[in-house]
Amino acid sequence: MYSQRIETMEIGIRILIVFLVSQVVHIGAQKEGEEGCVPGFQVKEYQVEYNGGFQKDHPLTQVFFDDCAGNEGLAFEVSHPDFQVDEEMNLVARRDVMDSGTVMFIHGVNEQADDMAQVDIVGAPPRSPQTLREILGLGQIQPYRSKRALFAPRMHVNENMEPPFPKVIGTLIVISPGMENDHIFHMTGSGADQDPKGVFTINRVTGEVSVSQELDREAISSYTLEVSVTDLSGKLVEGPVALLVDVNDQNDNRPIFKETRYAGEVLEGSPTGTVVMTMTAEDADDPRLQNAVLRYNIVRQSPDKPSPNMFYINPESGNIVTVISPTLLDRETLPTTQYELEIVAQDMKGRDVGLTGTATATITITDKNDHAPEFTHSLFQANVDEGSTGVAVNLTVDDRDDPATGAWRAIYSIINGDPTQNFEIQTNPDNNEGMLSVVKPLDYESVVFHTLLIKVENEDPLVPDVGYGSSSTATVHITVLDVNEGPVFFPDPLQVTKMENIPLGSFVALLNATDPDVLQSQSIRFAVLRDPANWLSVNPVRGTVNTSANLDRESPYVHDNKYTAIFMATDNGSRPASGTGTLVIHLEDYNDNAPYVHPSVVRVCEDTKDSVVIVGGRDRDIHPNAGPFKIELGKQPGLEKTWKVSRVNNTHAQIMLLQSMKRANYQLPLVVTDSGLPPLSNSTEIKVQVCTCKKNRMDCSSAGSVCSNLMMLLALVLLSLF
């Protein structure tokens with residue numbers, strides 16, 4: 001223990017010597033000027049929170065030291081032996097430390113700089129005497145920026161002070177017994193030489209601090225300044241230390257509601273004490289004083305029926321609650337559904353001397369579903385034409401609830417009499433009527449009368465003590481009126497299959513149409529309504545359909561091998577009615593189209609090694625009257641000496657030039673044959689352009705200037721043989 005104290009004393013002596021030297025260096029640097037980099041700690045004071053101790057190697061804070069030359073050879077020494085500064089300038093504990101004390105010092109030194117910094121440990125208990133000055137009974141060591149010889153008591157000044165100014169608010173105290181009388185007080189910081197400048201001044205001789213203008217606590221509630229003492233030469237003697245000036249609050253701000261009008265609502269029949277809404281105001285005065293403690297009060301209710309005190313506001317929370325009984329809070333019997341309250345907020349806990357602010361609250365009594373909808377009639381009747389659709393009758397109801405809510409809006413349903421779902425009910429949103437519509441046409445010949453039982457309910461459920469009665473149901477009688485209906489084709493569409501190119505006058509189909517008006521004796525006549533290619537005719541009495549022109553599967557009027565025609569059937573009623581039916585003819589293919597070669601123009605190179613092209617066979621017919629195709633040379637003698645045609649696949653063949661030919665256009669005869677039964681062949685010619693090919697470029701510019709027909713081609717073949 002004794003050796004540890006000797007070691008601590010040695011460290012303290014070294015730090016004290018270095019501290020004195022750094023003071024001289026620092027003051028000298030101040031005299032030389034503040035421009036550029038100032039070697040040493042860039043921040044002189046640091047604060048660390050004490051939370052029961054410090055863990056080993058856990059960073060407390062980072063210090064900032066710059067010797068203005070790269071910090072080469074920089075070393076740190078800490079006044080507390082259990083702490084050190086690591087390579088990243090973090091202050092860390094060498095071990096787990098509980099007894100840290102309330103302050104420690106860091107000494108940084110190299111050839112370029114020598115400086116001290118202070119670390120205040122906030123909330124730490126005082127450490128047992130360990131440092132040099134503590135052992136000598138001189139108290140804790142303090143660096144030059146926080147001397148305890150200069151005492152700056154906390155000062156207070158009232159806001160809104162009356163002139164004249166300045167007014168003295170306090171005096172600095174120098175408690176160093178050895179200080180000479182010749183000294184000068186200095187004050188810096190926001191409120192002195194920084195914005196807002198000139199709020200406070202200091203007597204440089206006596207240390208009296210004065211306020212020079214009226215203050216507003218709501219703008220700035222406190223000021224933090226620094227005061228220090230120098231001798232007549234400007235040498236720092238004591239400080240700087242912090243000077244705190246608090247601005248005392250006065251009740252100069254009224255309570256203010258965020259809005260002038262507030263809106264709330266409460267459900268009718270709500271229990272007494274139901275919270276409707278909360279109204280709160282704000283007061284800019286000091287919340288720690290009664291200047292900002294508010295109380296709320298209702299000063300007016302409009303209208304004041306059935307009671308002038310239907311609502312109550314909690315003076316402290318601003319909660320508005322109901323006072324009226326649930327039975328009287330009935331939206332349907334109250335004189336109005338909206339009540340207006342004038343609310344006053346008063347500070348000073350509501351005392352008469354307090355300032356006030358006012359706002360208005362509008363409370364709406366909202367509806368609950370305590371009235372069931374009722375039909376205005378127990379029986380509704382309507383006549384409907386058979387075969388028609390649309391609204392047949394409007395059902396009317398009464399409901400005393402609020403029309404803007406689901407407690408009033410009606411939902412209709414058919415509970416009996418519509419097994420085939422021919423009817424549907426929609427609610428008219430404008431007047432709440434039920435629109436009963438026919439959605440599936442009615443048939444007079446099947447049912448003449450329909451009797452429906454209709455029920456009406458609200459979107460919202462009724463309250464428990466209210467139910468739907470007999471007036472919430474009604475009966476609807478629907479009478480179906482007979483209408484002359486048009487004949488109906490069956491089947492529709494009628495589908496048949498025929499071979500194309502059948503002889504003219506061939507039978508195609510027999511149309512079948514019946515008249516729905518079975519209670520009337522009516523005849524039917526047929527006619528062609530739409531026949532795109534004019535291929536068909538119909539017997540008007542029997543309904544037989546025959547060909548009047550060749551059926552051509554390859555016609556542009558045929559799509560996907562199907563030809564579609566529409567026929568009309570008309571009865572002989574007093575007001576004739578018509579119906580339409582569709583005939584779809586599926587056309588089978590007949591091999592009536594010869595194949596052809598594509599493309600009709602090809603290009604080859606005059607050099608035989610690159611002179612190969614591909615051509616393919618095409619046919620307007622379909623399988624099995626199309627491919628596979630057989631493509632071969634025409635029958636002219638000598639062609640096989642110059643050209644060769646070989647099969648590639650079922651649809652394509654390649655043409656190869658067997659010997660070099662001059663650049664020109666040649667007509668090459670080919671024969672292409674399809675696979676129909678019997679097969680069809682087509683003798684055709686393709687244009688072959690012989691071109692010059694160099695470096696992936698094909699030059700056909702002079703093609704056609706040498707030979708362009710079969711005779712010239714044969715002459716060249718004979719010349720080559722010769």
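## I343 and its surroundings

Let's start with I343: setting aside neighbours within four places in sequence, I343 is in contact (heavy atoms within 4.5 Å) with F257, M279, N297, I298, I313, I320, G357, T358, A359 and A361. This is a predicted model, in which local features need pLDDT of at least 70 and side-chain atom pairs count only at pLDDT 80 or more, while totals for chains, interfaces and linings use all residues. Residues are numbered from 1 along each chain as its sequence is written, and side-chain values use heavy atoms, with hydrogens and water left out.

## The largest nonpolar core

I343 also belongs to the largest nonpolar core, which has 25 residues. Such a core is a set of buried Ala, Val, Leu, Ile, Met, Phe, Trp, Tyr and Cys residues joined through side-chain atoms within 4.5 Å; buried means under 20% relative accessible area, exposed over 50% and partly exposed in between, with a 1.4 Å probe and protein chains only. The members that touch the most others are F257, M279, F311, I320 and I343.

At least two residues of this core come from each of strand 20 (261-267), strand 21 (275-278), strand 23 (295-302), strand 24 (311-313), strand 26 (338-346) and strand 27 (356-366). Strands here are DSSP runs of E with at least two residues, numbered from the N terminus.

Elsewhere, 3 strands form an open, antiparallel sheet in the order 30-34-33. Two strands pair if DSSP finds at least two bridges between them. Strand 30 (390-395) and strand 33 (423-427) are the edges, each pairing on one side only. From one strand to the next, the twist averages 30°, with axes fitted as lines to C-alpha atoms and angles running from 0 to 180 degrees between N-to-C directions.

Strand 34 (residues 434-438) pairs with strand 33 over 5 bridges in the antiparallel sense, and strand 30 and strand 34 likewise pair antiparallel over 5 bridges. Because 4 of its 5 residues are buried, strand 34 is largely enclosed by the rest of the structure.

Strands 33 and 34 form a hairpin with 6 residues between them, and N432 in the turn has a positive phi of about 70°.

## A buried loop residue

D82 is placed in the loop between strand 5 (75-78) and strand 6 (83-85). D82 is buried, with a relative accessible area of 17%. Beyond neighbours within four places in sequence, D82 is in contact with V92, A93, R94, R95 and V97.
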